[in-house]
Amino acid sequence: MVQTRDNALSVREVPGKGLGVYATSDLSKGTRILAQKPTIALKAHQPLVDAWRIFQTLSPTKQRHFKTLHGAANHRKMNDLLRSCDEHGIRDRDEAAHVMDIYNTNAFETDRKGNAVSAVFQKTARINHSCVPNAEATYNKRLGRQVVHVTRDVKAGDEITVSYTRPIERTAVRQRHLEDHYGFSCDCLECDDDEEFAAEGAERREHMVNLNEMLEAYNDGADCAVVKTAEEAVETTEKLIGLMGEEGLFGKDVGRLHWDIGSHYEALKRCKDARKHYDLALEVYALCCGADHPLVEKLDLKLAKLR
Ligand SMILES: C[S@@+](CC[C@H](N)C(=O)[O-])C[C@H]1O[C@@H](n2cnc3c(N)ncnc32)[C@H](O)[C@@H]1O
């Protein structure tokens, strides 16, 4: 039995967003609010029509619940889904296309390398998007469940939100993805043109993307004019973490960045500094993914070797 505070959540209407999930009690940063097995999961090689095939094997109650979820396809996308049903010889094409649309709208990435690569989790599917979310969903392979943790303190009555896009992403790219894939234009504080915060945020995210690209190039061993040494990589990564903090972003990405700094210090044989950042990475992962996440164990082993 995986412990969660899902009793501290309620689902209700959010103006302009359909249904959403609210906290009914105060929740402190790091609280696990959901831990769910997938309703439908697809492997990398499986076509979307398999979501319909799997759907048909679900119990009538699960099918009914699944069909209450939101489908975001516009007319053109719905026609594409119907055409795909015809190509696969599916008779109940309207229902199948509806189920496939729901899958597309609500699926989360699970395990990049493992069995399933995406899946729909019935309760997370009600959580709306924010570009500055207060929760993060992660797949825990060992538990075979997706866990959701709050990534900052949440007050009773606050809406729980996750990010449907990569947080380190340009504002225009995030907005296009949300429009194209989920059919809505985001009007969170970060995207609202009338907000001064939004303009500052767009500039900061641009800066974050640039730093992240440089670091990716350095980590991949590619040529980068700015980040050429481990010291410069540390400095750039710390800058990126700082910008994330200014943006109110906290999550696995911050853990990954501390992990990277730890590796750079290890390369520089600065073990004490490496330990400090592996410790910070461990703390972030434990808060955002849970102490039972395999990455926490991996970091524990790394730290034990450095001691
Ligand atoms: C995964 S569902 C989330 C739950 C959904 N609101 C419902 O009623 O079931 C995704 C859909 O929720 C809506 N949505 C999510 N976040 C939103 C936001 N920030 N602003 C407006 N609509 C949003 C969009 O219609 C989107 O296609």
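**Entry 1: ligand shell**

I began with the make-up of the shell around the ligand. By class, I find 8 nonpolar, 9 polar and 2 charged residues there. I note that this is a predicted model.

Next I asked which residues come nearest to the ligand. There are 19 residues around the ligand, and G18, L19, H70, A72 and N128 come nearest.

Then I looked up which elements carry the shell. Three of them supply at least two residues each: strand β2 (18-23), helix α4 (93-106) and strand β7 (128-129). Of the elements, β2 gives the most, with 3 residues. I keep α4 in mind for the helix entries below.

**Entry 2: domains**

I checked the domain assignment. The protein has domain 1 (6-182) and domain 2 (196-306). Taken over C-alpha atoms, their centres are separated by 27 Å.

How many residues of each domain are in contact with the other? I get 19 residues of domain 1 against 20 residues of domain 2. On the domain 1 side, β8 (135-140) and β9 (145-150) each supply at least two residues. I record β8 as the element that gives the most to this side, with 3 residues. By class, the domain 1 side has 5 nonpolar, 6 polar and 8 charged residues.

**Entry 3: α3 and α4**

I went back to α4, one of the elements supplying the ligand shell. Helix α3 (residues 75-87) packs against α4, with axes that come within 9 Å and cross at roughly 120°. The angle makes α3 oblique to α4. I log the crossing of the two helices as right-handed.

The contact uses M78, L81, L82, C85 and D86 of α3. From α4 it takes R93, A96, A97, M100 and D101. I sorted these residues by class and got 7 nonpolar, no polar and 3 charged.

**Entry 4: α6 and α7**

I turned to helix α6 (residues 196-219) and helix α7 (residues 230-246). Their axes lie 10 Å apart and the packing angle is about 150°. How are α6 and α7 oriented to each other? They are roughly antiparallel, because the cut-off for that class is over 145 degrees. The crossing of α6 and α7 is left-handed.

On the α6 side I list R204, H207, M208, L211, N212, M214, L215 and Y218. On the α7 side I list A233, T236, T237, K239, L240, L243, M244 and E246. The classes in this contact come to 9 nonpolar, 4 polar and 3 charged residues.

**Entry 5: α9 and α10**

Last pair. Helix α9 (residues 271-289) and helix α10 (residues 294-306) have axes that come within 9 Å and cross at roughly 160°. The crossing in which α9 passes α10 is left-handed.

Which residues make the contact? From α9 I have C271, A274, R275, Y278, D279, A281, L282, Y285, A286 and C289. From α10 I have L295, V296, L299, D300, K302, L303 and L306. By class, I count 13 nonpolar, no polar and 4 charged residues in the contact of α9 with α10.

**Entry 6: recap**

I close with the handedness. I have a right-handed crossing for α3 and α4, a left-handed one for α6 and α7, and a left-handed one for α9 and α10.

How values were computed: Residues numbered from 1 in each chain as written. Predicted model: local features only at pLDDT ≥ 70, side-chain atom pairs only at ≥ 80, totals over all residues. Near = placed C-beta within 6 Å. Helix = DSSP H or I, 4+ residues; strand = E, 2+ residues; numbered from the N terminus. Nonpolar A, V, L, I, M, F, W, Y, C, P; charged D, E, K, R; others polar. Domains from an automatic or database assignment. Contact = placed C-beta atoms within 7 Å. Axes fitted to C-alpha atoms, helices over the stretch in contact; angles between N-to-C directions. Left-handed = near helix turned anticlockwise from the far one by under 90°. Parallel < 35°, antiparallel > 145°, perpendicular 65-115°, else oblique.
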